[in-house]
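Please examine the sequence and the structure shown below before reading on.

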Amino acid sequence: MTDDARLLRVEDLHVRFRTHGALRAAMAGNRDPFLDAVAGISLTLDRGETLGIVGESGSGKTTLIRAIIGLTDIAAGRIWFDGAEIIDRRDAAFRPLRRQIGMMFQDPVASLSPRKTVRSLVLEPFRIHDVELGEPETRADELMDMVGLPHTLLDSYPHQLSGGQARRVGVARALALRPRLVIADEPTAGLDVSVQGEILNLMARLRDALGLSYVIVTHNLPVIRHVSARLAIMYLGRIVEEGPTRAAFAAPLHPYTRALIAAVPRPDPDDARSAPLLTGEVPSLRDRPAGCAFHPRCPAAQQRCRVEAPAMRAMSDARRVACHFPLAAQR
């Protein structure tokens, strides 16, 4: 794919959080009082593409997207959006680009101010970015039509909405300024299964109609399988597998990917699981395991995995994997 087709490019991104103050660290003899929440991530997103980022809680998914949109400082790395580098830009220079990136936050109700009506909420992006609104009422009606909500809800408050309605309001806010990229953090969290399907279908229709690109962050693999052509699997701040979604489900390369897929509930109780389920918890970032970070939970770990961190390698089928012993190579 040519650079002209890239809407977003992230190169060797690092995000570090301080664990101790300078004085306390000095007293304890801690020369590196930081933890690496995102540790050297590189990824791309093409125009019109949907990329899914998947991982358990604590994998760094939300930290990654917050860094991309400028809500979290980065320690190292570079980010380009539509060919323009966006790291270290002053607010005035970043604002025009920021309008092109919409954000759907995780909690569909808590992300909406309880003191504002739906009308005020869907029009708020125009005020924040100083975008002139000729006819606010008309624009509010258009946004409600776009997400399939009745105009009568414009005078309602968030607590009066169902979870699905609140999520649709969040979609309308994210798309108010007609962005080219929408980043969705757990877009189906807290919703019934039937409502989840409605929201995902809405997002897919809007992507096709408006030419949007999506980055969807979730721990829910069926969501990614439904809407995303490509996925990236994160573990402890790093991408361990990346490539076409269909290929990952058909033949995962990394043991972590295989375990995540095996853990997805199946409608057929007689469908035996041949892959091992995950055991244990995600290790703390404060005490990242040596070598491959996944080795304490990996049923196929060998001595090399315990002492040497695997580099990301390209495979022959347009996938990348960070594993010394990729599963496809073991067949």
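In this predicted model, C323 counts as buried, at 11% relative accessibility. C298 is likewise buried, with a relative accessible area of 15%. Both values fall under the 20% limit that defines a buried residue.

A search of the whole structure finds 0 disulfides. A disulfide requires two cysteine sulfur atoms within 2.5 Å. The sulfur of C298 lies 6.3 Å from that of C305, the closest cysteine sulfur, and is therefore too far away for a bond. C323 is also in no disulfide, and its nearest cysteine sulfur, again that of C305, is 6.4 Å away. The table sets out the sulfur distances.

| Cysteine | Nearest cysteine sulfur | Distance |
|---|---|---|
| C298 | C305 | 6.3 Å |
| C323 | C305 | 6.4 Å |

The second topic is the sheet. Four strands form an open sheet in the order β2-β1-β4-β5, and their pairing is antiparallel. Its edges are β2, covering residues 34–46, and β5, covering residues 84–85, each of which pairs on one side only.

Which residue of β5 is the bridge partner of W80? The partner is E85.

Helix α2, made of residues 61–68, lies across β1 (6–18), β2 and β4. The direction of helix α2 is at about 115° to that of β1.

Note on methods: Residues are numbered from 1 along each chain as its sequence is written. This is a predicted model: local features need pLDDT of at least 70, side-chain atom pairs count only at pLDDT 80 or more; totals for chains, interfaces and linings use all residues. Side-chain values use heavy atoms; hydrogens and water are left out. Two strands pair if DSSP finds at least two bridges between them. Helices (H or I, at least four residues) and strands (E, at least two) are DSSP runs, numbered from the N terminus. Contact means heavy atoms within 4.5 Å. Axes are lines fitted to C-alpha atoms, for helices over the stretch in contact, and angles run from 0 to 180 degrees between N-to-C directions. Buried means under 20% relative accessible area, exposed over 50%, partly exposed in between (1.4 Å probe, protein chains only).
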